[in-house]
Amino acid sequence: RKKNKIMKRIKISELTNSEDFGSEVVVMGWVRTVRVSKNVAFIALNDGSSLRNAQIVADFSTINEDILSRIHTGTSLSVVGKLVESMGKGQKNEVQATKIEVLGDSDPDLYPMQAKRHSLEFLRENAHLRFRTNLFGAINRVRHHMIFAIHKFFNDRGFYNVHTPIITASDCEGAGEMFQVTTFDINNPPRTPEKEIDWSEDFFGRQTNLTVSGQLEGELAALALSQIYTFGPTFRAENSNTSRHLAEFWMIEPEVAFADIHDNMDLAEDMLKYLVQYALDNCAEDLEFLEQRLINEEKEKPQNERSAMTLREKLRFVLDNKFERITYTEAIEILKNSPDQKKNRFAYPIKEWGADLQSEHERYLVEKHFKKPVILTDYPKEIKAFYMKQNPDGKTVAAMDVLFPQIGEIIGGSQREEDLDKLTTRMKEMNIPAESMWWYLDTRRFGTVVHSGYGLGFERLMLFVTGMGNIRDVIPFPRTPKNAEF
(Lines give C-alpha, C1' and ligand atoms only; values in the text may rest on other atoms or scores of the structure.)
Protein backbone atom coordinates (compact mmCIF):
# COMPACT_ATOMS: atom_id res chain seq x y z
CA ARG A 1 0.00 0.00 0.00
CA LYS A 2 1.32 3.50 -0.91
CA LYS A 3 2.19 5.75 1.99
CA ASN A 4 0.60 9.21 1.94
CA LYS A 5 3.30 11.59 0.73
CA ILE A 6 3.85 14.37 3.27
CA MET A 7 4.09 17.69 1.49
CA LYS A 8 7.07 19.87 2.24
CA ARG A 9 6.60 23.40 3.52
CA ILE A 10 7.56 26.13 1.03
CA LYS A 11 9.27 29.29 2.31
CA ILE A 12 7.30 32.47 1.67
CA SER A 13 10.29 34.04 -0.14
CA GLU A 14 10.00 31.24 -2.73
CA LEU A 15 6.19 31.12 -2.72
CA THR A 16 5.67 34.80 -3.53
CA ASN A 17 7.80 34.45 -6.69
CA SER A 18 6.17 31.21 -7.88
CA GLU A 19 4.02 30.97 -11.01
CA ASP A 20 3.23 27.30 -10.49
CA PHE A 21 -0.49 28.08 -10.51
CA GLY A 22 -2.84 25.22 -9.70
CA SER A 23 -0.25 23.40 -7.53
CA GLU A 24 -0.93 22.46 -3.92
CA VAL A 25 1.35 24.13 -1.37
CA VAL A 26 2.00 24.03 2.38
CA VAL A 27 3.00 27.34 3.97
CA MET A 28 3.66 28.16 7.63
CA GLY A 29 4.24 31.41 9.45
CA TRP A 30 2.87 34.07 11.78
CA VAL A 31 -0.20 36.17 11.03
CA ARG A 32 0.51 39.83 10.34
CA THR A 33 -3.07 40.91 9.61
CA VAL A 34 -6.54 39.37 9.17
CA ARG A 35 -9.28 41.07 7.18
CA VAL A 36 -12.78 39.58 6.92
CA SER A 37 -14.98 40.54 3.98
CA LYS A 38 -18.42 38.90 3.54
CA ASN A 39 -17.72 35.16 3.64
CA VAL A 40 -13.97 35.32 3.06
CA ALA A 41 -11.00 36.01 5.36
CA PHE A 42 -7.78 37.46 3.91
CA ILE A 43 -4.77 36.51 6.03
CA ALA A 44 -1.28 38.02 5.57
CA LEU A 45 1.22 35.37 6.66
CA ASN A 46 4.98 35.95 7.16
CA ASP A 47 7.75 33.47 8.03
CA GLY A 48 10.73 35.86 8.20
CA SER A 49 12.26 34.67 4.91
CA SER A 50 11.18 37.83 3.10
CA LEU A 51 9.56 41.23 3.61
CA ARG A 52 6.66 39.99 1.55
CA ASN A 53 3.67 38.23 3.09
CA ALA A 54 1.81 35.29 1.61
CA GLN A 55 -1.83 36.19 1.02
CA ILE A 56 -4.06 33.39 2.29
CA VAL A 57 -7.69 33.44 1.14
CA ALA A 58 -9.90 31.44 3.49
CA ASP A 59 -13.47 30.81 2.34
CA PHE A 60 -15.96 30.26 5.17
CA SER A 61 -17.50 27.41 3.20
CA THR A 62 -14.16 25.53 3.24
CA ILE A 63 -12.52 26.54 6.53
CA ASN A 64 -14.22 25.86 9.84
CA GLU A 65 -15.40 29.06 11.54
CA ASP A 66 -14.04 27.85 14.90
CA ILE A 67 -10.56 27.85 13.33
CA LEU A 68 -11.06 31.29 11.75
CA SER A 69 -12.21 32.74 15.10
CA ARG A 70 -8.80 31.79 16.60
CA ILE A 71 -6.75 33.65 13.95
CA HIS A 72 -5.35 36.99 15.14
CA THR A 73 -2.15 39.02 14.67
CA GLY A 74 0.68 36.87 16.04
CA THR A 75 -1.08 33.49 15.66
CA SER A 76 1.10 30.83 14.01
CA LEU A 77 -0.52 28.78 11.24
CA SER A 78 0.05 25.90 8.90
CA VAL A 79 -1.89 26.36 5.66
CA VAL A 80 -2.52 23.84 2.88
CA GLY A 81 -4.02 25.28 -0.26
CA LYS A 82 -3.96 25.89 -4.00
CA LEU A 83 -1.63 28.49 -5.51
CA VAL A 84 -3.61 30.78 -7.82
CA GLU A 85 -2.87 33.95 -9.74
CA SER A 86 -3.73 37.02 -7.68
CA MET A 87 -6.02 39.79 -8.86
CA GLY A 88 -4.79 41.92 -5.97
CA LYS A 89 -2.34 44.76 -6.48
CA GLY A 90 1.36 44.23 -5.69
CA GLN A 91 1.32 40.44 -5.48
CA LYS A 92 1.81 37.73 -8.06
CA ASN A 93 -0.16 34.97 -6.37
CA GLU A 94 -2.27 33.93 -3.39
CA VAL A 95 -3.14 30.69 -1.64
CA GLN A 96 -6.73 29.48 -1.63
CA ALA A 97 -6.76 27.61 1.67
CA THR A 98 -8.21 24.08 1.81
CA LYS A 99 -6.97 23.39 5.34
CA ILE A 100 -5.73 25.67 8.13
CA GLU A 101 -4.19 24.44 11.37
CA VAL A 102 -3.50 26.78 14.27
CA LEU A 103 -0.02 25.93 15.51
CA GLY A 104 0.02 28.48 18.33
CA ASP A 105 -2.68 30.86 19.58
CA SER A 106 -2.06 34.57 20.18
CA ASP A 107 -4.32 36.48 22.57
CA PRO A 108 -5.27 39.72 20.76
CA ASP A 109 -5.76 41.51 24.10
CA LEU A 110 -2.24 40.69 25.28
CA TYR A 111 -0.08 40.52 22.11
CA PRO A 112 1.85 43.83 22.01
CA MET A 113 2.82 43.88 18.30
CA GLN A 114 -0.28 45.23 16.62
CA ALA A 115 -0.68 45.83 12.88
CA LYS A 116 0.37 49.49 13.16
CA ARG A 117 3.56 51.52 13.28
CA HIS A 118 5.28 51.25 16.66
CA SER A 119 7.98 53.60 17.96
CA LEU A 120 11.56 52.29 18.09
CA GLU A 121 11.53 52.82 21.89
CA PHE A 122 8.46 50.57 22.20
CA LEU A 123 10.12 47.93 20.02
CA ARG A 124 13.29 48.01 22.16
CA GLU A 125 11.12 47.31 25.21
CA ASN A 126 9.73 44.32 23.29
CA ALA A 127 13.00 43.17 21.74
CA HIS A 128 11.88 39.53 22.15
CA LEU A 129 9.11 40.14 19.58
CA ARG A 130 10.49 42.95 17.41
CA PHE A 131 12.00 40.38 14.99
CA ARG A 132 8.41 39.92 13.74
CA THR A 133 8.12 43.46 12.39
CA ASN A 134 9.03 44.35 8.80
CA LEU A 135 11.75 46.71 10.05
CA PHE A 136 13.57 44.22 12.27
CA GLY A 137 13.08 41.38 9.84
CA ALA A 138 14.87 43.52 7.23
CA ILE A 139 17.66 44.62 9.61
CA ASN A 140 18.40 41.07 10.75
CA ARG A 141 18.44 39.66 7.22
CA VAL A 142 20.89 42.40 6.18
CA ARG A 143 22.95 41.66 9.32
CA HIS A 144 23.23 38.00 8.30
CA HIS A 145 24.34 38.92 4.77
CA MET A 146 27.00 41.29 6.12
CA ILE A 147 28.37 38.61 8.48
CA PHE A 148 28.59 36.17 5.58
CA ALA A 149 30.17 38.78 3.28
CA ILE A 150 32.91 39.59 5.82
CA HIS A 151 33.91 35.93 6.10
CA LYS A 152 33.75 35.56 2.31
CA PHE A 153 35.89 38.66 1.70
CA PHE A 154 38.70 37.43 3.94
CA ASN A 155 38.42 33.77 2.96
CA ASP A 156 38.66 34.61 -0.74
CA ARG A 157 41.86 36.58 -0.04
CA GLY A 158 43.58 33.76 1.84
CA PHE A 159 43.07 35.07 5.38
CA TYR A 160 42.60 32.68 8.30
CA ASN A 161 39.88 33.27 10.89
CA VAL A 162 41.30 33.07 14.41
CA HIS A 163 39.23 32.87 17.60
CA THR A 164 40.85 35.13 20.19
CA PRO A 165 39.95 34.90 23.91
CA ILE A 166 36.78 36.46 25.28
CA ILE A 167 38.22 36.26 28.81
CA THR A 168 41.57 38.04 29.03
CA ALA A 169 44.03 39.50 31.51
CA SER A 170 45.18 42.29 29.15
CA ASP A 171 43.63 45.68 28.47
CA CYS A 172 44.31 46.30 24.79
CA GLU A 173 43.31 49.97 24.70
CA GLY A 174 44.62 50.93 28.14
CA ALA A 175 41.25 52.56 28.82
CA GLY A 176 40.48 50.45 31.88
CA GLU A 177 36.72 50.31 31.20
CA MET A 178 36.40 46.54 31.43
CA PHE A 179 33.95 44.01 32.84
CA GLN A 180 35.52 41.87 35.53
CA VAL A 181 35.25 38.08 35.39
CA THR A 182 35.40 36.30 38.74
CA THR A 183 34.06 33.29 40.65
CA PHE A 184 34.54 35.01 44.02
CA ASP A 185 31.71 35.53 46.48
CA ILE A 186 31.52 39.29 45.92
CA ASN A 187 30.43 39.87 49.53
CA ASN A 188 33.36 37.94 50.97
CA PRO A 189 36.36 37.66 48.59
CA PRO A 190 39.60 36.18 49.96
CA ARG A 191 42.06 38.85 51.06
CA THR A 192 45.83 39.14 51.47
CA PRO A 193 47.39 40.03 54.87
CA GLU A 194 47.36 43.64 53.57
CA LYS A 195 43.55 43.35 53.16
CA GLU A 196 43.76 43.58 49.34
CA ILE A 197 41.63 41.16 47.27
CA ASP A 198 43.73 38.03 46.72
CA TRP A 199 43.32 37.38 43.00
CA SER A 200 45.68 34.39 43.16
CA GLU A 201 42.76 32.53 44.77
CA ASP A 202 40.40 33.28 41.86
CA PHE A 203 39.51 30.78 39.10
CA PHE A 204 42.31 31.86 36.74
CA GLY A 205 44.76 32.71 39.52
CA ARG A 206 44.77 36.35 38.46
CA GLN A 207 42.45 39.27 37.74
CA THR A 208 40.58 38.76 34.43
CA ASN A 209 38.10 40.70 32.29
CA LEU A 210 35.92 40.42 29.23
CA THR A 211 37.97 41.47 26.22
CA VAL A 212 37.81 44.93 24.62
CA SER A 213 39.61 43.69 21.50
CA GLY A 214 41.13 40.59 19.95
CA GLN A 215 43.96 42.61 18.41
CA LEU A 216 46.91 41.75 20.64
CA GLU A 217 46.29 38.01 20.37
CA GLY A 218 45.51 38.49 16.66
CA GLU A 219 49.00 39.95 16.18
CA LEU A 220 50.52 36.76 17.65
CA ALA A 221 48.71 34.66 15.04
CA ALA A 222 49.55 37.03 12.17
CA LEU A 223 53.24 36.78 13.03
CA ALA A 224 53.09 33.11 12.05
CA LEU A 225 50.15 32.75 9.64
CA SER A 226 50.83 36.07 7.82
CA GLN A 227 47.22 37.20 7.43
CA ILE A 228 44.43 36.55 9.89
CA TYR A 229 41.19 38.15 11.02
CA THR A 230 39.11 37.90 14.17
CA PHE A 231 35.34 38.37 14.31
CA GLY A 232 34.11 38.21 17.86
CA PRO A 233 32.21 39.89 20.67
CA THR A 234 33.95 42.69 22.55
CA PHE A 235 32.92 44.47 25.73
CA ARG A 236 33.31 48.00 27.12
CA ALA A 237 32.10 48.95 30.58
CA GLU A 238 31.72 52.55 29.48
CA ASN A 239 28.82 54.26 31.22
CA SER A 240 27.70 55.91 28.00
CA ASN A 241 24.01 56.00 27.17
CA THR A 242 24.24 57.38 23.64
CA SER A 243 22.86 56.23 20.29
CA ARG A 244 26.43 55.21 19.28
CA HIS A 245 27.56 53.06 22.23
CA LEU A 246 26.95 49.48 23.29
CA ALA A 247 28.50 47.54 26.19
CA GLU A 248 28.62 44.39 24.03
CA PHE A 249 29.34 44.61 20.31
CA TRP A 250 31.10 42.69 17.53
CA MET A 251 34.47 43.56 16.04
CA ILE A 252 36.24 42.49 12.86
CA GLU A 253 40.01 42.80 13.26
CA PRO A 254 42.40 41.78 10.48
CA GLU A 255 46.14 41.66 11.21
CA VAL A 256 48.61 41.35 8.34
CA ALA A 257 52.36 40.61 8.47
CA PHE A 258 54.70 42.30 5.94
CA ALA A 259 52.11 45.10 5.50
CA ASP A 260 52.63 48.81 6.20
CA ILE A 261 50.11 51.62 6.78
CA HIS A 262 49.51 52.01 3.00
CA ASP A 263 48.69 48.30 2.59
CA ASN A 264 46.40 48.67 5.61
CA MET A 265 44.50 51.56 4.00
CA ASP A 266 44.16 49.63 0.74
CA LEU A 267 42.73 46.59 2.57
CA ALA A 268 40.24 48.72 4.54
CA GLU A 269 39.01 50.51 1.41
CA ASP A 270 38.73 47.26 -0.56
CA MET A 271 36.82 45.59 2.26
CA LEU A 272 34.31 48.40 2.79
CA LYS A 273 33.61 48.67 -0.96
CA TYR A 274 33.18 44.89 -1.18
CA LEU A 275 30.71 44.85 1.74
CA VAL A 276 28.64 47.74 0.37
CA GLN A 277 28.51 46.12 -3.09
CA TYR A 278 27.49 42.81 -1.48
CA ALA A 279 24.64 44.53 0.35
CA LEU A 280 23.38 46.20 -2.85
CA ASP A 281 23.58 42.88 -4.75
CA ASN A 282 22.06 40.60 -2.11
CA CYS A 283 19.74 42.73 0.05
CA ALA A 284 17.92 44.73 -2.65
CA GLU A 285 14.38 44.21 -1.33
CA ASP A 286 15.27 44.97 2.30
CA LEU A 287 17.39 48.01 1.36
CA GLU A 288 14.53 49.40 -0.73
CA PHE A 289 12.22 49.04 2.28
CA LEU A 290 14.76 50.66 4.64
CA GLU A 291 15.32 53.49 2.15
CA GLN A 292 11.58 54.19 1.87
CA ARG A 293 11.29 54.26 5.66
CA LEU A 294 14.07 56.87 5.80
CA ILE A 295 12.46 58.95 3.04
CA ASN A 296 9.22 59.02 5.05
CA GLU A 297 11.15 59.99 8.21
CA GLU A 298 13.01 62.77 6.39
CA LYS A 299 9.71 64.38 5.33
CA GLU A 300 8.96 65.07 9.00
CA LYS A 301 12.25 66.96 9.51
CA PRO A 302 12.86 70.67 8.79
CA GLN A 303 14.26 71.26 5.29
CA ASN A 304 17.76 72.18 6.53
CA GLU A 305 18.08 68.94 8.55
CA ARG A 306 17.15 66.57 5.74
CA SER A 307 19.76 64.22 4.34
CA ALA A 308 21.08 65.11 0.89
CA MET A 309 21.25 61.42 -0.09
CA THR A 310 18.87 58.47 0.02
CA LEU A 311 20.14 55.27 1.63
CA ARG A 312 21.21 53.58 -1.59
CA GLU A 313 22.74 56.82 -2.92
CA LYS A 314 24.83 56.92 0.25
CA LEU A 315 25.96 53.33 -0.33
CA ARG A 316 26.87 54.11 -3.95
CA PHE A 317 28.72 57.23 -2.71
CA VAL A 318 31.19 54.81 -1.04
CA LEU A 319 31.53 52.70 -4.20
CA ASP A 320 31.84 55.57 -6.67
CA ASN A 321 34.58 57.53 -4.90
CA LYS A 322 38.22 56.76 -4.24
CA PHE A 323 38.72 57.44 -0.54
CA GLU A 324 40.55 60.73 0.09
CA ARG A 325 43.75 60.17 2.11
CA ILE A 326 45.01 63.10 4.22
CA THR A 327 47.03 63.55 7.38
CA TYR A 328 45.59 64.61 10.72
CA THR A 329 47.64 67.82 10.46
CA GLU A 330 46.04 68.68 7.10
CA ALA A 331 42.60 67.89 8.55
CA ILE A 332 43.16 70.25 11.49
CA GLU A 333 44.05 73.09 9.07
CA ILE A 334 40.93 72.42 6.96
CA LEU A 335 38.73 72.39 10.09
CA LYS A 336 40.32 75.51 11.59
CA ASN A 337 39.64 77.43 8.36
CA SER A 338 36.16 75.98 7.78
CA PRO A 339 32.97 78.09 7.71
CA ASP A 340 31.56 75.83 10.46
CA GLN A 341 34.49 76.72 12.75
CA LYS A 342 34.36 80.44 11.90
CA LYS A 343 30.59 80.64 12.42
CA ASN A 344 30.74 78.62 15.68
CA ARG A 345 28.66 75.76 14.29
CA PHE A 346 30.86 73.08 15.88
CA ALA A 347 29.76 71.97 19.34
CA TYR A 348 33.49 71.28 19.96
CA PRO A 349 35.47 74.09 18.30
CA ILE A 350 38.95 73.10 17.07
CA LYS A 351 41.41 74.93 19.31
CA GLU A 352 44.79 73.49 18.46
CA TRP A 353 46.82 70.65 16.95
CA GLY A 354 46.53 67.63 19.23
CA ALA A 355 42.76 67.84 19.71
CA ASP A 356 40.84 64.56 19.52
CA LEU A 357 38.48 64.85 16.55
CA GLN A 358 34.77 64.49 17.27
CA SER A 359 32.15 62.90 15.04
CA GLU A 360 30.99 66.36 13.82
CA HIS A 361 34.53 67.14 12.57
CA GLU A 362 34.86 63.77 10.84
CA ARG A 363 31.48 64.20 9.14
CA TYR A 364 32.35 67.74 8.04
CA LEU A 365 35.45 66.45 6.22
CA VAL A 366 33.45 63.70 4.48
CA GLU A 367 30.09 65.33 3.79
CA LYS A 368 30.96 68.99 3.23
CA HIS A 369 34.65 69.40 2.41
CA PHE A 370 35.76 66.41 0.33
CA LYS A 371 32.32 64.94 -0.47
CA LYS A 372 33.84 61.45 -0.39
CA PRO A 373 34.97 58.96 2.28
CA VAL A 374 38.19 60.05 3.96
CA ILE A 375 41.13 58.17 5.51
CA LEU A 376 42.99 60.23 8.10
CA THR A 377 46.56 59.25 8.97
CA ASP A 378 49.45 60.30 11.20
CA TYR A 379 47.65 61.23 14.42
CA PRO A 380 49.42 62.76 17.44
CA LYS A 381 50.88 59.87 19.43
CA GLU A 382 49.46 61.31 22.69
CA ILE A 383 45.87 60.50 21.67
CA LYS A 384 46.59 57.01 20.31
CA ALA A 385 47.35 53.56 21.74
CA PHE A 386 50.79 52.32 22.82
CA TYR A 387 51.18 49.72 20.06
CA MET A 388 51.02 52.13 17.11
CA LYS A 389 54.13 52.65 14.93
CA GLN A 390 55.97 55.83 15.87
CA ASN A 391 56.74 58.11 12.94
CA PRO A 392 60.26 59.61 12.49
CA ASP A 393 58.96 63.09 13.55
CA GLY A 394 58.64 61.82 17.16
CA LYS A 395 55.20 63.48 17.44
CA THR A 396 52.87 61.30 15.37
CA VAL A 397 52.05 57.63 14.84
CA ALA A 398 51.20 55.65 11.68
CA ALA A 399 47.52 55.44 12.63
CA MET A 400 44.58 55.53 10.24
CA ASP A 401 40.85 56.18 10.68
CA VAL A 402 38.33 55.65 7.88
CA LEU A 403 35.54 58.25 7.97
CA PHE A 404 32.10 57.76 6.43
CA PRO A 405 29.06 59.98 5.91
CA GLN A 406 26.47 59.82 8.74
CA ILE A 407 28.79 57.69 10.91
CA GLY A 408 32.13 59.47 11.21
CA GLU A 409 34.83 56.93 12.12
CA ILE A 410 33.92 53.43 10.91
CA ILE A 411 37.41 51.86 11.04
CA GLY A 412 40.39 52.57 13.27
CA GLY A 413 43.79 50.98 12.75
CA SER A 414 47.52 51.42 12.41
CA GLN A 415 50.84 50.02 11.45
CA ARG A 416 52.04 48.30 14.64
CA GLU A 417 55.31 49.22 16.38
CA GLU A 418 57.66 46.33 15.61
CA ASP A 419 60.73 47.88 17.27
CA LEU A 420 61.12 46.35 20.75
CA ASP A 421 62.95 49.31 22.31
CA LYS A 422 60.47 51.89 21.04
CA LEU A 423 57.53 49.73 22.13
CA THR A 424 58.84 49.14 25.68
CA THR A 425 59.70 52.86 26.07
CA ARG A 426 56.18 53.84 24.99
CA MET A 427 54.62 51.29 27.36
CA LYS A 428 56.65 52.78 30.24
CA GLU A 429 55.44 56.27 29.32
CA MET A 430 51.84 55.03 29.38
CA ASN A 431 52.24 52.97 32.59
CA ILE A 432 51.53 49.65 30.88
CA PRO A 433 53.34 46.90 32.82
CA ALA A 434 55.77 45.12 30.50
CA GLU A 435 55.97 42.04 32.81
CA SER A 436 52.35 41.10 32.18
CA MET A 437 52.78 41.65 28.42
CA TRP A 438 55.91 39.46 28.03
CA TRP A 439 54.15 37.24 25.47
CA TYR A 440 53.29 40.26 23.28
CA LEU A 441 56.85 41.62 23.50
CA ASP A 442 58.23 38.19 22.55
CA THR A 443 56.87 38.69 19.02
CA ARG A 444 59.26 41.67 18.75
CA ARG A 445 62.13 39.59 20.15
CA PHE A 446 61.78 36.58 17.86
CA GLY A 447 61.52 37.38 14.16
CA THR A 448 59.79 40.75 14.26
CA VAL A 449 58.36 42.13 10.99
CA VAL A 450 56.48 45.19 9.78
CA HIS A 451 52.77 44.47 10.32
CA SER A 452 49.46 46.32 10.39
CA GLY A 453 45.81 45.89 11.22
CA TYR A 454 42.53 47.61 12.02
CA GLY A 455 39.21 47.18 13.75
CA LEU A 456 35.77 47.55 12.18
CA GLY A 457 32.91 47.82 14.66
CA PHE A 458 30.29 45.59 13.06
CA GLU A 459 27.33 47.54 14.46
CA ARG A 460 28.83 50.79 13.07
CA LEU A 461 28.85 49.12 9.65
CA MET A 462 25.24 48.02 10.22
CA LEU A 463 24.20 51.58 11.07
CA PHE A 464 25.66 52.73 7.77
CA VAL A 465 24.21 49.96 5.60
CA THR A 466 20.69 50.12 7.10
CA GLY A 467 20.51 53.88 7.66
CA MET A 468 19.29 53.35 11.23
CA GLY A 469 20.04 56.16 13.68
CA ASN A 470 20.52 54.18 16.91
CA ILE A 471 23.04 51.39 17.42
CA ARG A 472 20.56 49.56 19.72
CA ASP A 473 18.43 48.81 16.68
CA VAL A 474 21.07 47.00 14.61
CA ILE A 475 21.98 44.32 17.18
CA PRO A 476 19.32 41.79 18.20
CA PHE A 477 19.71 42.21 21.99
CA PRO A 478 21.40 45.50 22.94
CA ARG A 479 23.46 45.66 26.12
CA THR A 480 23.63 49.22 27.49
CA PRO A 481 23.93 50.77 30.97
CA LYS A 482 21.03 49.54 33.15
CA ASN A 483 19.73 47.30 30.36
CA ALA A 484 20.25 43.55 29.96
CA GLU A 485 16.61 42.52 29.89
CA PHE A 486 16.55 39.85 27.21
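**Exercise 1.** At what angle do helix H5 (residues 215-225) and helix H13 (residues 438-445) pack, and how far apart are their axes?

**Solution.** The model is predicted, so to speak of local features pLDDT of at least 70 is needed, and side-chain atom pairs count only at pLDDT 80 or more, while totals for chains, interfaces and linings use all residues. Residues are numbered from 1 along each chain as its sequence is written, and side-chain values use heavy atoms, without hydrogens and water.

Step 1. Helices are DSSP runs of H or I with at least four residues, numbered from the N terminus. Axes are lines fitted to C-alpha atoms, for helices over the stretch in contact, and angles run from 0 to 180 degrees between N-to-C directions.

Step 2. H5 and H13 pack at about 35°, and their axes are 10 Å apart.

Step 3. Contact means heavy atoms within 4.5 Å. H5 contributes Gln 215, Leu 216, Glu 217, Glu 219, Leu 220 and Leu 223, and H13 contributes Trp 439, Tyr 440, Thr 443 and Arg 444.

Step 4. Ala, Val, Leu, Ile, Met, Phe, Trp, Tyr, Cys and Pro count as nonpolar, Asp, Glu, Lys and Arg as charged, and the others, Gly among them, as polar. This contact of H5 with H13 holds five nonpolar, two polar and three charged residues.

**Exercise 2.** Which residues of H6 and H8 meet?

**Solution.** Step 1. The axes of helix H6 (residues 261-282) and helix H8 (residues 311-320) cross at roughly 145° and come within 9 Å.

Step 2. From H6, Lys 273, Val 276, Gln 277 and Leu 280 meet Arg 312, Leu 315, Arg 316, Val 318 and Leu 319 of H8.

Step 3. Sorted by class, the contact of H6 with H8 has five nonpolar, one polar and three charged residues.

Conventions:
Helix = DSSP H or I, 4+ residues; strand = E, 2+ residues; numbered from the N terminus.
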